[in-house]
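Have the sequence and the 3D view open side by side. We will walk from one chain contact to another, then look inside single chains.

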There are 4 protein chains.
Amino acid sequence: MVFIYHRTIRFKDTDAAGVVYFANVLSICHEAYEASLADVGVELETFFGKGELAVPIIHADIDFRQPLKCGDDITVHLTAQAIDEHRFSTHYRVMASTDRPAATAQTDHICITARDRRRSPLPPQLQQWLRHHGEAAAVPNPEAGDG
Amino acid sequence: MVFIYHRTIRFKDTDAAGVVYFANVLSICHEAYEASLADVGVELETFFGKGELAVPIIHADIDFRQPLKCGDDITVHLTAQAIDEHRFSTHYRVMASTDRPAATAQTDHICITARDRRRSPLPPQLQQWLRHHGEAAAVPNPEAGDG
Amino acid sequence: MVFIYHRTIRFKDTDAAGVVYFANVLSICHEAYEASLADVGVELETFFGKGELAVPIIHADIDFRQPLKCGDDITVHLTAQAIDEHRFSTHYRVMASTDRPAATAQTDHICITARDRRRSPLPPQLQQWLRHHGEAAAVPNPEAGDG
Amino acid sequence: MVFIYHRTIRFKDTDAAGVVYFANVLSICHEAYEASLADVGVELETFFGKGELAVPIIHADIDFRQPLKCGDDITVHLTAQAIDEHRFSTHYRVMASTDRPAATAQTDHICITARDRRRSPLPPQLQQWLRHHGEAAAVPNPEAGDG
């Protein structure tokens, strides 16, 4: 169920403290999210810009435990969980050389119409993605939603 | 007490959805933090890389309410609060055209020695900064610390 | 005629070598370009995304003479020059503490239609901008263009 | 001789025009450079920050032919060429779906001492890298250098 994303830390990810700039760890988590969507057939250019629906992030949080350095080979372990008919959370564990995560993060997303930014039920592809990578089989049934 | 940082949203801040990429809002908050430190005389190159102490971010969270667009003139309203002798939180309200924040965020920081990454009391400049921008006068007395 | 853009180097601009990451100097130059356009009334969100015309960069080059560090207060000195009816060059001198530029750069731009990406004459606002910041009065007359 | 680097375009690479932000294409080229160095055993954290030698970029240029979009799978084809005992050029062809490059770029590098920023001969690892990825066997003999 866990989606695993491989990444090498690049020079551009780092800052003058010699480690990855804090906000860039969230960006790397988002890369894992993109890769997991592509993995179930989501067409990214449409999903992230030109589609009728948008799925913006409404909340993000991250805890940093170990700094990451240029050249480090890391993996991001991604799982997801529906919150309700319109919203879901994506969870990330950023793993470097040890068993303990270098960072853990979460992003919360809401599905809206691109035109008037009203809540919209999660489209079938995202429901499929939640079934693939969900932490539990708790994806709500859109037929029963509060729309 | 509130430090106010002015910023224009730049093209590089945006993504293919036409608005500021989520993690870049945290980067803009960090810019406000840097400006507030410089405002009390902190020498940034030393503070963010070459000094004996480091003050890495151990936690960040952010809530997004309104998207920001290229050309938007925003202000970041910064306040800070000591957590204990070694740690403090910085709070940010990102204000665009309306009275309601476009985003609110928090970063938590810990003071450590650069060499062996042990906890260290906040240096005098950070204590001064906390007094300037603190939400309350609750900066702990380092003489009484548990360090 | 020279447009001057003020900027403080931020932590995010830097990399693990302790100085501004090379490609970020070009991004800072682009910020100056954006500010110079806003200065003559160009609405940036439309200009950089939603308009009928697009003005993509077709070439960029940059020479680095001195590294820039976190906290440095710099200015970017911008001038521009029409190449032909559809194209122009923007020139940048990135000035830090000394009289000698820390970097000099150039970006070349072409005006195209957003829909089918065909060459289009520079719109009146860009012609006005070229007159304001041009190195010479050599803006071609669009009436005489080769369209 | 050509080093090939695979990369998927990520949401963070893009801007509000819906394509990769111009300066980020140079960053992607630099990623290929990093990967090619790691491929011959260069330890990246030392090479890009903590070593006795530094190899800063002194010039970069890039030509853009086709825009790149979120989700595009690209390859960067890298070759390199010594300029003299202290300097080399790295050449990049950014290939998307067609045979024609989406962009071509070049970065010029100089080897200096980190402490006093004086020219220094290219270290053995870089000479090995130039032999692997060189466009010609024209790596100068450092014994015969002009110091």
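**Where the chains meet**

Between chain D and chain A, the count is two salt bridges. A salt bridge here is a side-chain nitrogen of Lys or Arg within 4 Å of a carboxyl oxygen of Asp or Glu. One joins the side chains of A:E45 and D:K69, at 4.0 Å from N to O.

Before going on, note that this is a predicted model: local features need pLDDT of at least 70, side-chain atom pairs count only at pLDDT 80 or more, and totals for chains, interfaces and linings use all residues. Residues are numbered from 1 along each chain as its sequence is written, chains are lettered from A and ligands numbered from 1 in the order in which they are written, and side-chain values use heavy atoms, with hydrogens and water left out.

Chain D and chain A also share four residue pairs in polar contact, both residues at pLDDT 80 or more. A polar contact is a pair of N or O atoms within 3.5 Å; within protein, one must be able to donate a hydrogen and the other to accept it, and residues adjacent in sequence count only if both atoms are side-chain atoms.

Which elements of chain D give two or more residues to the side that touches chain A? They are helix 1 (22–39) and helix 2 (44–50) of chain D. Helices (H or I, at least four residues) and strands (E, at least two) are DSSP runs, numbered from the N terminus. Helix 1 of chain D gives the most, with six residues. The residues on this side of chain D divide into seven nonpolar, four polar and six charged. Ala, Val, Leu, Ile, Met, Phe, Trp, Tyr, Cys and Pro count as nonpolar; Asp, Glu, Lys and Arg count as charged; the others, Gly among them, count as polar.

The contact (heavy atoms within 4.5 Å) takes 17 residues from chain D and 17 residues from chain A. Together the two chains bury about 1500 Å², with 57% of it on carbon and sulfur atoms. Buried area is the accessible area (1.4 Å probe) that two parts lose on being put together, summed over both.

Now turn to chain B. Here 22 residues of chain A are in contact with 22 residues of chain B. The buried area is about 1700 Å², and carbon and sulfur atoms give 60% of that. In chain A, the residues that lose the most area to chain B are A:Y21, A:F22 and A:F64, together 26% of what that side buries. How many salt bridges cross the interface of chain A and chain B? The rule finds zero. It does find eight residue pairs in polar contact there, both at pLDDT 80 or more. Helix 1, helix 2 (44–50) and strand 3 (57–64) of chain A each give two or more residues to the side that touches chain B. Strand 3 of chain A gives the most, with eight residues.

**Inside chain A**

Look at helix 1 (residues 22–39) and helix 3 (residues 124–133) of chain A. Their axes come within 10 Å and cross at roughly 105°. Axes are lines fitted to C-alpha atoms, for helices over the stretch in contact, and angles run from 0 to 180 degrees between N-to-C directions. That makes helix 1 of chain A roughly perpendicular to helix 3 of chain A, a label for angles of 65 to 115 degrees; under 35 counts as roughly parallel, over 145 as roughly antiparallel, and the rest as oblique. Helix 1 of chain A brings A:Y33, A:S36, A:L37 and A:D39 to the contact, and helix 3 of chain A brings A:L126, A:W129 and A:H133.
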